[in-house]
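Dear colleague,

I am passing on to you the structure shown just below, together with some notes on what was found in it. Please keep it open while you read.

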Amino acid sequence: MSVARHEEVVRSLQWRYATKGFDPIKKISESDWAALEQSLVLAPSSFGLQPWKFVVVQDLALRKEIRAAAWDQSQVEDASHLVVLCAKEQVVRADVEAFIARTAAVRGVTPESLLGYRDMILGFIASPPPGFELSQWAVRQVYIALGFFLSTAAYLGLDACPMEGFSPQRVTEILGLEKEGFQAVVMAAAGYRSSEDAYATAAKVRFSCEQVMVVR
């Protein structure tokens, strides 16, 4: 990768911030949103199991309900797009079997050739390491996808805001996720910053590399 590409990536990350005020008039194009969707779909997960679902909330009435469950944060309604990132409440054998079937289909191999891999995953979910909670493991996978989403948005010149300031239980209820075996974990609003958002011009505050990077 050239120096120019390196600088472009860093500039994009320097430019992004957790946008507090969105312009409700400006909308993300279909092609840009398709790229953001792919950033979620292509995010890595442990075993490749993808214990998640991404709910894009377009219905304005639902957005209003979610805003009420999110401390009245305006991003929920004003952003072009709102996506709720959800984790599976329970990872079970059927999830592993579905993943193995999908892997076999995509790679053009037989499911039988993947039995060793399937059995390893099944062993993990049947008897996880001591103190290891599968539900929390699934939640952590969702945050990997969130990172991909935010980074892709920055590279495309789109504003985004990760949001944990809401009632996961209430949002889960609003979207009917419990019936599908999922729970709301975190949200991301995306669109274009408002010219009135004071945070847009605030200096980014980060500790230096020397303070946070350690080489052993």
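Over how many bridges do strand S2 and strand S4 pair, and in which sense? Strand S2 (residues 81-88) and strand S4 (residues 182-191) pair over eight bridges in the antiparallel sense, where two strands count as paired if DSSP finds at least two bridges between them. Within this pairing, Leu82 has Ala189 of S4 as its bridge partner.

Before going further, please note that this is a predicted model, in which local features need pLDDT of at least 70 and side-chain atom pairs count only at pLDDT 80 or more, while totals for chains, interfaces and linings use all residues. Residues are numbered from 1 along each chain as its sequence is written, and side-chain values use heavy atoms, with hydrogens and water left out.

The protein has nine helices and four strands, these being DSSP runs numbered from the N terminus (helices H or I, at least four residues; strands E, at least two). Read from the N terminus, the elements follow the order α-α-β-α-α-β-α-α-α-β-α-β-α, and the C-alpha atoms fill a box of roughly 55 × 45 × 35 Å along the principal axes.

The sheet is an open one of four strands, ordered S1-S2-S4-S3 with antiparallel pairing. Strands S1 (52-56) and S3 (159-163) stand at its edges with a single partner strand each, so one side of each has no neighbour in the sheet. On average, neighbouring strands of this sheet are turned by 25 degrees against each other, direction ignored.

Turning to the helices, the axes of H2 (residues 30-41) and H7 (residues 134-155) come within 8 Å and cross at roughly 150 degrees; axes here are lines fitted to C-alpha atoms, for helices over the stretch in contact, and angles run from 0 to 180 degrees between N-to-C directions. H2 and H7 are therefore roughly antiparallel to each other, a term used for angles over 145 degrees. The contact (heavy atoms within 4.5 Å) involves Trp33, Ala35, Leu36, Ser39 and Leu40 of H2 and Ala145, Phe148, Phe149, Thr152 and Ala153 of H7.

Among the side chains, there are six aromatic pairs, counted where ring centres of Phe, Tyr and Trp (its six-membered ring) lie within 6.5 Å, and one aromatic cluster is formed by Phe47, Phe124, Phe132 and Trp137. Lys20 lies over the face of Tyr199, at 5.3 Å from the ring centre, and Lys88 lies over the face of Phe182, at 4.7 Å from the ring centre; the rule requires NZ of Lys or CZ of Arg within 6 Å of the ring centre and within 35 degrees of the ring normal.

With kind regards

Technical notes
Phe/Tyr/Trp six-rings, centres within 6.5 Å; stacked < 30°, edge-to-face > 60°. Parallel < 35°, antiparallel > 145°, perpendicular 65-115°, else oblique.
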